[in-house]
Amino acid sequence: MTSQPDVDVAILGGGIAGLWLLARLKRAGYSALLLESQALGAGQTLASQGIIHGGLKYAIDLRLNADSAALADMPARWRTCLDGRGEIDLRAAKLAAARHLFWARRTLTSRIAGFFGSKLVRGRVDALPQNQWPGVLQDADHVGAVYALDECVLDVPSLLGALAALGEGCIKAGQAAVEQQDDHVLLQVAGRSLTAGTLVSTAGAGNEVLLPQLGLAPQVAQRRPLQMLLIESAPGPLWAHCFDTSDKPRVTITTHKKNDGTLVWYVGGLLAENGVTQSEAALIATARQEFTTLLPQLDFSRSRFAGCRVDRAEGATEDGRKPEGPVLKRVGNIMLAWPTKLALAPQLADLVLAALPPASGRVQPVFADWSAPPIAPAPWEVAAWK
Ligand code: FAD
């Protein structure tokens, strides 16, 4: 190809990774177009709990490991964006909770207190006096201690709205057939062609489709499934991990407001990992038992429940566990990218920008007559309640 490509960068996938990258590219002067095949956030992003982890969850085996190191700077980096002082302006995104909590069962209190009191995590955790515990944790006999982490929780639908506004004009609905050429990538979308200097696929599970075309083995990508639990008409707001004897949270609860104002608890942690092999009915029965054990003072008699199956789609690791950070695979002018965590989208964008050739400086409208994709509904808006 002798002429310049239509855009410097084409992005496939409008989850957090693609949208964050698009905002960074625009700021850096690249011409870019993002194509979304369904709706923004439709994959994992709207199914996420929105926690901007700083890695403390992964350090609960009482050492700061590589997982926690990768995440340590993320809360501060996101906060500067939420304040409008960061690399992108996220002032239009809403916080669901300023601090995520960590509640330790009475049996664990001394081990956890030792860790949270240690120099390793000083400044990142506060032990809360009981009069500052959330209402739903008051009067629970088994709650030994509650800590507030230096990690905020985002309202993901509003985050997507903020990012869609930053990318306005450069986000289009469509699915492309991809052809790699020597000096550009050809995308064919609904009978039209687009050329890009570089293609970055941030399509989550959709990245797997490109593996054979790029000569990459299927083992380059992995999925880790979950069956999350939803509780409608939840007893009150709570954003917290509950830790017991495992180094993984027994439950991780985030609270979301449905469009009709009803409060929903969205529950992950070991409950959701173990829920993968259960039917939805069995997950709900296990959850009822779990909450009777953990928070017996709460009344769920008017609540309705639902399961939500969703895969975490990632770059692969040898042992199938979570990668320590974002993963970028590059084959010539095509990159496959997985952030690993919503919180790590800024780091993934750093990796992509470092691997790109300089911006051409040419900005021209492409596919200007095409419509933008909508934002997908959150899982709690479409759940089949039982
Ligand atoms: P996705 O969000 O999956 O987006 C991919 C997009 O690509 C989708 O919109 C899809 O429709 C589109 N697409 C697919 N194929 C194509 C194609 N061919 N062309 C165009 N578009 C295409 N991380 C955290 O940091 N904090 C949390 O609290 C958290 N909670 C989580 C809870 C759950 C239940 C899950 C599953 C994950 C959670 N994560 C969390 C991880 C986080 O959600 C993911 O790491 C992140 O959302 C991945 O974003 P992504 O943009 O790479 O992929």
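Two strands are said to pair if DSSP finds at least two bridges between them. Helices (H or I, at least four residues) and strands (E, at least two) are themselves DSSP runs, numbered from the N terminus. The model described here is predicted, so local features need pLDDT of at least 70 and side-chain atom pairs count only at pLDDT 80 or more, while totals for chains, interfaces and linings use all residues. Residues are numbered from 1 along each chain as its sequence is written, and side-chain values use heavy atoms, with hydrogens and water left out.

Strand E1 (residues 7-12) has two partners among the strands described here. With strand E11 (residues 192-201), E1 runs parallel and is joined by five bridges; in this pairing Leu12 stands opposite Ser201. With strand E2 (residues 32-36), the pairing of E1 is also in the parallel sense, over four bridges, and Ala10 has Leu33 of E2 as its bridge partner.

An open sheet is formed by eight strands with mixed pairing, in the order E5-E6-E4-E13-E14-E15-E12-E16. Strand E5 (125-127) and strand E16 (304-315) are its edge strands, each pairing on one side only. On average, neighbouring strands of this sheet are turned by 25° against each other, direction ignored. Within the sheet, strand E4 (residues 101-105) pairs with strand E13 (residues 240-243) in the parallel sense, over four bridges. Leu101 has Ala240 in E13 as its bridge partner. Helix H7 (residues 280-294) lies across several strands, including E4, strand E12 (221-232), E13 and E16, and runs at about 65° to E12. Axes are lines fitted to C-alpha atoms, for helices over the stretch in contact, and angles run from 0 to 180 degrees between N-to-C directions.

Two packed helices are described by the angle between their axes and the distance between the axes. For helix H3 (residues 74-82) and helix H8 (residues 345-355), the axes come within 9 Å and cross at roughly 85°. That makes H3 roughly perpendicular to H8, on a scale where angles under 35 degrees count as roughly parallel, over 145 as roughly antiparallel, 65 to 115 as roughly perpendicular and the rest as oblique. In contact (heavy atoms within 4.5 Å) are Met74, Arg77 and Trp78 of H3 with Pro346, Gln347 and Asp350 of H8. By class, three nonpolar, one polar and two charged residues make up the contact of H3 with H8. Here Ala, Val, Leu, Ile, Met, Phe, Trp, Tyr, Cys and Pro count as nonpolar, Asp, Glu, Lys and Arg as charged, and the others, Gly among them, as polar.

Ala349 also has its place in helix H8. With a relative accessible area of 2%, Ala349 is buried. Not counting residues up to four places away in sequence, Ala349 touches Trp20, Leu21 and Arg24. The C-alpha atoms of Ala349 and Thr245 are separated by 36 Å, and the two residues are 104 residues apart along the chain.

Side chains of opposite charge can pair when their charged atoms come close. Salt bridges (a side-chain nitrogen of Lys or Arg within 4 Å of a carboxyl oxygen of Asp or Glu) number 19 in the structure. One of them joins the side chains of Glu87 and Arg77 (2.9 Å, N to O). Glu87 lies in the loop between H3 and strand E3 (95-97) and Arg77 in helix H3, so this pair ties together parts that are ten residues apart in sequence. Arg77 and Glu87 also belong to a network of salt bridges with Arg24 and Asp350.

A further salt bridge is found between the side chains of Arg85 and Asp83 (2.8 Å, N to O). Arg85 is exposed, at a relative accessible area of 59%, whereas Asp83 is partly exposed, at 44%. The side chains of Glu280 and Lys386 likewise meet in a salt bridge (2.7 Å, N to O). This pair links distant parts of the chain, 106 residues apart, with Glu280 in helix H7 and Lys386 in the segment after helix H9 (379-382). Glu280 is partly exposed, with a relative accessible area of 23%.

Conventions. Buried means under 20% relative accessible area, exposed over 50%, partly exposed in between (1.4 Å probe, protein chains only).
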